[in-house]
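Here's a quick walk through this model, starting at the ligand and then moving on to the packing. Have the structure open as you read.

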Amino acid sequence: MAWDPAQYGLFEAARARPGHDLIAALPPCKPATVVDLGCGPGKLTMALASRWSGAEVAGIDSSPAMLGRAALLDARVAWELGDIRHWRPKAPVDLLFSNAALQWVEGHAALFPRLFDAVAPGGVMAVQMPRNFASPSHTLLRRVAAEGPWAAVLEGRLREAPVHDPAQYYDWLSPAAAHVNVWETEYLHVLDGPDPVLEWTRATAMLPVLETLTGAELADFTERYRAALASAYPRRPDGRTLFPFRRLFIVATRA
Ligand SMILES: C[S@@+](CC[C@H](N)C(=O)[O-])C[C@H]1O[C@@H](n2cnc3c(N)ncnc32)[C@H](O)[C@@H]1O
């Protein structure tokens with residue numbers, strides 16, 4: 001996937017907020033090892049490294065562009081190019097953290113217990129994922145994809161529900177857990193600028209389209225999607241746009 005750190009950084013504060021909320025919800029702990037899976041441009045990894053300055057901290061990501069941006073931040077963190085699907089730590093980790101990344105990885109029924117197995121006894125796994133795939137930002141994307149001349153090439157590229165019901169994660173993690181805390185928060189992001197929801201999804205949900213279509217076809221797709229978003233997310237009287245965004249949080253402590 002062709003991640004673009006500059007586009008991703010356009011709404012940096014709004015995107016980072018759930019990550020900081022996840023860090024704030026961690027139980028009291030003093031991890032010696034911290035791993036951030038899908039660390040992206042690394043700002044949250046740095047927040048973890050600052051909070052536990054004595055810990056060995058690693059950020060793992062499969063995007064060279066994202067990791068290149070992260071590597072500019074701090075050499076104390078081990079920035080590693082790697083794929084979560086194949087990631088196995090050399091030794092169990094005390095804090096396994098992942099913000100807005102695991103929704104990109106398929107097969108949660110096997111993935112979550114496997115990742116939790118990589119956590120040391122008494123250690124913590126903390127995950128945040130969007131669970132807004134039924135909101136207009138995503139349903140309109142899938143509808144434009146299904147209704148245009150590009151329908152055949154885009155078929156199967158936009159997943160309908162990559163994140164499961166909250167209780168499902170409890171069931172997958174609880175057999176090996178001392179405690180599992182699962183909750184959802186719907187943020188009301190306040191976005192500036194023209195077509196901000198399009199600019200937001202251009203960095204994330206729209207990526208499969210951006211790497212499949214080109215030229216006039218991509219321009220046509222983008223205009224249809226832009227127009228649909230503009231009526232689903234109208235500008236407020238103050239010129240800003242409200243973007244409701246539901247997210248799932250999981251904090252599990254290993255037995
Ligand atoms: C939405 S960004 C989140 C970045 C960062 N965690 C944050 O909160 O700012 C998702 C990140 O997950 C990474 N990613 C997606 N699938 C991955 C995989 N299979 N293995 C490693 N990284 C992956 C992407 O490269 C991207 O940097």
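## Around the ligand

A nitrogen atom of the ligand sits 2.9 Å from an N or O atom in the side chain of D83. Backbone N or O atoms get involved too: one from G38 lies 2.7 Å from a ligand nitrogen, and one from I84 lies 2.9 Å from a ligand nitrogen. Taken alone, the ligand exposes 590 Å², and the protein buries 92% of that (Shrake-Rupley areas, 1.4 Å probe).

Altogether, 18 residues surround the ligand, counting any with a heavy atom within 4 Å of it. G38, D61, D83, I84 and N99 are the closest.

Keep in mind that this is a predicted model: local features need pLDDT of at least 70, side-chain atom pairs count only at pLDDT 80 or more, and totals for chains, interfaces and linings use all residues. Numbering runs from 1 along each chain as its sequence is written, and side-chain values use heavy atoms, leaving out hydrogens and water.

## Helix α8

Which residues of helix α8 are buried? They're Y169, W172 and L173, where buried means under 20% relative accessible area (1.4 Å probe, protein chains only). Seen down the axis of α8, these fall within an arc of 85° (taken from the directions from the axis to the C-beta atoms), so they line one face of the helix. They pack against α5, β5, β6 and β7.

## The cores

The largest nonpolar core has 29 residues, and L96, F112, M125 and M129 touch the most other members. Such a core is a set of buried Ala, Val, Leu, Ile, Met, Phe, Trp, Tyr and Cys residues joined through side-chain atoms within 4.5 Å. A second, separate core of 24 residues includes A14, L191, Y225 and Y233.

Methods. Buried < 20%, exposed > 50% of the residue type's maximum accessible area, 1.4 Å probe, protein only. Helix = DSSP H or I, 4+ residues; strand = E, 2+ residues; numbered from the N terminus. Contact = heavy atoms within 4.5 Å. Polar contact = N/O pair within 3.5 Å; in protein donor to acceptor, adjacent residues only side chain to side chain.
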